[in-house]
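Hi,

Here's the structure I promised to pass on.

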Amino acid sequence: MKSELDTLSIVVIGASGDLAKRKIFPALFALYCQGFLPEKLTITGFARSEMGHAEFRERITEHLTCRYTPGEASCAEKMEKFLSMCHYVSGQYGSTDAFLDLFTHLQQFEDHSRVNRLFYLAIPPSVFLDVARALGNAGFVYCGETSPWSRVVIEKPFGHDRSSSDELVRELGLVFSEHQIFRIDHYLGKEVIQNLMVLRFANRIFEPLWSREHVQSVQISWAEPIGIEGRGGYFDQYGIVRDVVQNHLLQMVSLVAMEPPSHHTSASIRKEKVRLLEHITPVGIEDIVLGQYTAAPAGQPAQVGYVDDDSVPNDSLTCTYAATLLHINNERWAGVPFLLRAGKALDRKTTEIRILFREIDNCVFCEEEGCPHTNELVIRVQPDEAIIFRITSKVPGLGLEMESRDLDMQYNTAFSELIPDAYEDLLLDVIQGEKSLFIGSKELAAAWDIFTPVLDTIDANHIRPLPYPFGSSGPAEAMDLAVRANTVWRQ
Ligand SMILES: NC(=O)c1ccc[n+]([C@@H]2O[C@H](COP(=O)([O-])OP(=O)(O)OC[C@H]3O[C@@H](n4cnc5c(N)ncnc54)[C@H](OP(=O)(O)O)[C@@H]3O)[C@@H](O)[C@H]2O)c1
C-alpha cells in the first residue's frame with residue numbers, strides 16, 4: 001500500500017566520498033527537480049568524517065546541476081529547498097550506537113508518519129557487512145515488500161570470486177531479504193543499454209537475424225584513455241577482469257544474447273539472463289589475454305606506467321587490460337565467438353557493442369566486384385550514444401561501385417529529450433521497487449562461475465600480464481585471439 005502521507009527517508013552511507021558527491025546526490029536532485037520524490041522526504045549523509053550540515057551541503061552542491069530546471073532563479077530555489085532536506089550525521093560504520101544516534105536524528109524529520117527507508121552503501125566493500133549488521137541491530141530494517149519498506153543499495157565489487165560473493169550474499173541475507181537488496185551495475189542504467197531490449201524485441205527485423213545462422217561474431221569493447229592516476233588502492237586488489245569484464249561486459253553479453261523474456265517483468269528478464277549466463281563455458285586460460293600498461297613511448301605526452309604509479313606496488317601483477325573469448329553453448333549461439341576486451345590507458349574512450357553479420361552466400365555481385373562488405377550493428381554506449389547499422393550501398397555514379405555506409409542514429413540529434421544519468425534511473429527504480437536493472441544473487445553466482453576458475457589460475461600461477469604502452473590499443477596478442485576466433489577486432 002502506498003500513500004502520499006508516507007515519508008521517504010534516504011540515508012547515504014559513505015556520504016563524504018566521491019560516488020556520493022559525483023553521482024548519488026546529483027541524481028537525487030535531478031529526481032527531485034522532476035517531481036519524482038515525495039513531498040515528505042528526508043536525505044541524510046552518514047560517514048566517519050566530522051562535518052556540520054552546512055559544510056556537507058556545500059560539498060554536495062558542487063555537482064548539482066540545473067539541467068531539469070533551466071532558469072537561474074527557479075534552479076536556485078529548487079536547490080535551496082532540496083538542500084534544506086539534506087542533513088549529515090557522523091559515526092563509525094560498525095557501531096550500533098552510531099546508528100541509534102542516526103535513528104534519533106531521523107526521528108526529528110519523520111513526523112510519526114510511515115517511513116520507507118532507503119540505505120545506499122557508498123562505502124568500500126570491506127565495511128558492507130559491518131554496516132548491514134549495525135543497521136539491523138539498530139532496528140532500521142523491516143522486511144515487508146510494500147510500504148513501509150526498507151531497501152539497501154550496494155555497489156560492486158560483489159565479492160572477489162564465487163566463494164567470497166556467496167559469503168557476502170549469505171551474510172547480507174541475514175539482515176536483508178533478497179527482495180530488499182539492489183545490487184547496482186550502473187551500466188544497466190545507461191540509456192543505450194536500456195534500449196538494447198527494445199531494439200531486439202520491439203523491432204521485427206532483428207530477432208530473425210539474431211543467431212549463429214546470421215551472426216559471425218559479437219564484440220564488446222570498453223576502453224579508457226587514462227591510467228590509474230593515484231587510485232590504485234582499490235583497483236590493484238581487483239584488476240580489470242573483476243572490475244569491468246565480469247560485471248559490466250558480462251551484463252551486456254546477457255542482454256545481447258538472452259532469449260526473449262516471457263514478460264517485461266524483472267522476474268522474467270532475470271530468469272533469461274541467468275539461463276544465458278549458465279550456458280557460457282567458464283573461460284579457459286587459453287581464451288584470455290592479459291596486459292598491464294607501461295609508460296607512454298618517447299615523443300608522446302609523458303605518462304607513467306601502472307607499477308610506477310605511487311598508489312601501486314612496484315611488483316604488482318594486476319591486469320589493466322583483458323581480452324577474452326566467450327563460448328555460449330546453446331542452440332542460438334553455439335560457434336559464435338563473443339569477444340570482450342577492456343583496458344585502461346588505451347588510445348580511446350569507448351564502450352560499445354558490435355554485432356558482425358556473416359557474409360552473403362552466393363551474392364550476385366561477387367563475381368564482378370568482389371564480395372561486398374558485411375553488415376554490422378554498432379551500439380555505442382559512450383561517448384556520444386548511438387545506434388549505427390552498417391550497410392553495403394552502391395556509390396552514386398556510372399558503373400557499379402559498392403561501399404559500406406552507416407544508417408546512423410546519434411542520440412544527441414535523434415532525440416530532443418535529455419539523457420538521464422544512469423544513477424537517476426536506477427535510484428528511481430529502487431524507490432519504485434523495480435528490480436529488472438539490478439543484479440540478482442543467482443545472476444551474480446552464474447557470472448562468477450564464468451571467471452572464477454581462470455582468475456584462480458592467474459593468481460595461483462602469478463601469471464605476468466603482457467606489457468603495452470600507455471596510449472596504445474593494448475597487447476598485440478589480443479589480435480591473435482580474434483584471429484583464432486576467425487574474426488578481427490573492429491574499431
Ligand atoms: N566512484 C565510482 O564511480 C564507483 C563506481 C562503482 C563502484 N564504486 C563503489 O562504490 C563505493 C564508494 O565509492 P567512492 O568512490 O565514493 O569511494 P571512496 O570515496 O573511497 O569511499 C567512500 C567513503 O567511505 C569511507 N571510507 C573510505 N575508505 C574506507 C575504509 N578503508 N574503511 C572505512 N571507510 C572508508 C570514507 O568516508 P569516511 O572516512 O568519512 O568514513 C569515504 O568518504 C566503493 O565500494 C566503490 O567500490 C564506486
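I started with the ligand shell, where helix α1 (residues 18-33) supplies the largest share, three residues. Bear in mind that this is a predicted model. The shell counts 19 residues, and the ones that come nearest to the ligand are Gly-17, Leu-19, Ala-47, Arg-48 and Ser-49.

On the overall layout: the domain assignment puts residues 7-155 in domain 1, while domain 2 takes in 188-419 + 440-484. Going by C-alpha atoms, the centres of domain 1 and domain 2 are 35 Å apart.

The other thing I followed up was strand β4, residues 115-121. How many of its residues are buried? Seven of seven, so to speak a mostly covered strand. Both faces are involved: Val-115, Arg-117, Phe-119 and Leu-121 point one way, Asn-116, Leu-118 and Tyr-120 point the other way, and all of them are buried. Note that Arg-117 is on that buried list too.

β4 also has two strand partners to look at. With β1 (residues 7-13) it pairs in parallel over seven bridges, and Tyr-120 of β4 is the bridge partner of Val-12. With β5 (residues 150-155) β4 again runs parallel, this time joined by five bridges. Tyr-120 turns up here as well, standing opposite Val-153 in β5.

Last one: β4, helix α5 (residues 128-137) and β5 together form a β-α-β unit, and its hand is right-handed.

Cheers

Key:
Residues are numbered from 1 along each chain as its sequence is written. This is a predicted model: local features need pLDDT of at least 70, side-chain atom pairs count only at pLDDT 80 or more; totals for chains, interfaces and linings use all residues. Domain bounds come from an automatic or database domain assignment. A residue is near a molecule or strand if its C-beta atom, placed from the backbone, lies within 6 Å of it. Helices (H or I, at least four residues) and strands (E, at least two) are DSSP runs, numbered from the N terminus. A residue is buried if 20 or more other C-beta atoms lie within 10 Å of its own, exposed if 12 or fewer, and partly exposed in between; C-beta atoms are placed from the backbone. Two strands pair if DSSP finds at least two bridges between them. A crossover is right-handed if, with the strands pointing away from the viewer, the path from the first strand over the helix to the second runs clockwise.
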